Amino acid sequence: MRVYVLNGPNLGRLGTRQVDVYGATSYADLVGLCEATGRELGLDVTVRQTDAEHELVGWLHEAADEQAAVVLNPAAWSHYSIAVRDACALLRGPLVEVHISNIHAREEFRAHSVISAVATGVICGLGVDGYRLALHHLAARAEAAGASAEAARAGAGTTGG
């Protein structure tokens with residue numbers, strides 16, 4: 001299964017930006033965590049980060065065209081970017097929205113995400129471990145879908161008696 005792990009603005013500053021909120025894990029460490037988890041689970045994981053909204057929208061279009069799954073930390077764009085939300089709505093694979101901090105326990109403006117309504121699921125407040133959990137969820141979904149497809153093929157090959 002192809003999975004894009006996409007990160008929005010300021011996440012490239014992990015490990016140095018508001019360590020009390022986002023932790024001491026560097027962005028390079030986050031990339032390593034996602035890639036290692038992907039290998040462990042048999043997922044084809046690509047990790048990207050941008051501070052340019054149009055670039056994130058383009059990556060979401062790419063994922064939609066490939067029917068790929070997406071783990072997305074839209075960061076500040078969570079709260080107001082209709083462009084990112086609309087690009088997410090085009091996805092044909094599952095979308096897991098991830099936030100390192102608990103957005104509901106922070107400033108009022110952070111408590112609402114325009115992305116959540118089009119996401120398959122949301123993980124927030126679990127630090128960078130949320131990414132690992134999102135990848136495990138996507139792998140389990142893929143495995144369940146594969147088992148269902150195999151059962152359907154097996155059932156189609158049987159005849160009643």
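**Exercise 1.** Determine which residues Gly23 is in contact with, leaving aside its neighbours within four places in sequence.

*Solution.* Taking contact as heavy atoms within 4.5 Å, and leaving aside neighbours within four places in sequence, one finds Gly15 and Gln18 as the partners of Gly23. This is a predicted model, in which local features need pLDDT of at least 70, side-chain atom pairs count only at pLDDT 80 or more, and totals for chains, interfaces and linings use all residues. Residues are numbered from 1 along each chain as its sequence is written, and side-chain values use heavy atoms, with hydrogens and water left out. Next, the C-alpha atom of Gly23 is separated by 8.6 Å from that of Ile100, which is 77 residues apart along the chain.

**Exercise 2.** Decide whether Cys34 and Cys124 are buried, partly exposed or exposed.

*Solution.* The classes are buried (under 20% relative accessible area), exposed (over 50%) and partly exposed (in between), with a 1.4 Å probe and protein chains only. Cys34, at a relative accessible area of 0%, is therefore buried, whereas Cys124, at 22% relative accessibility, counts as partly exposed. Gly23, with a relative accessible area of 24%, is also partly exposed.
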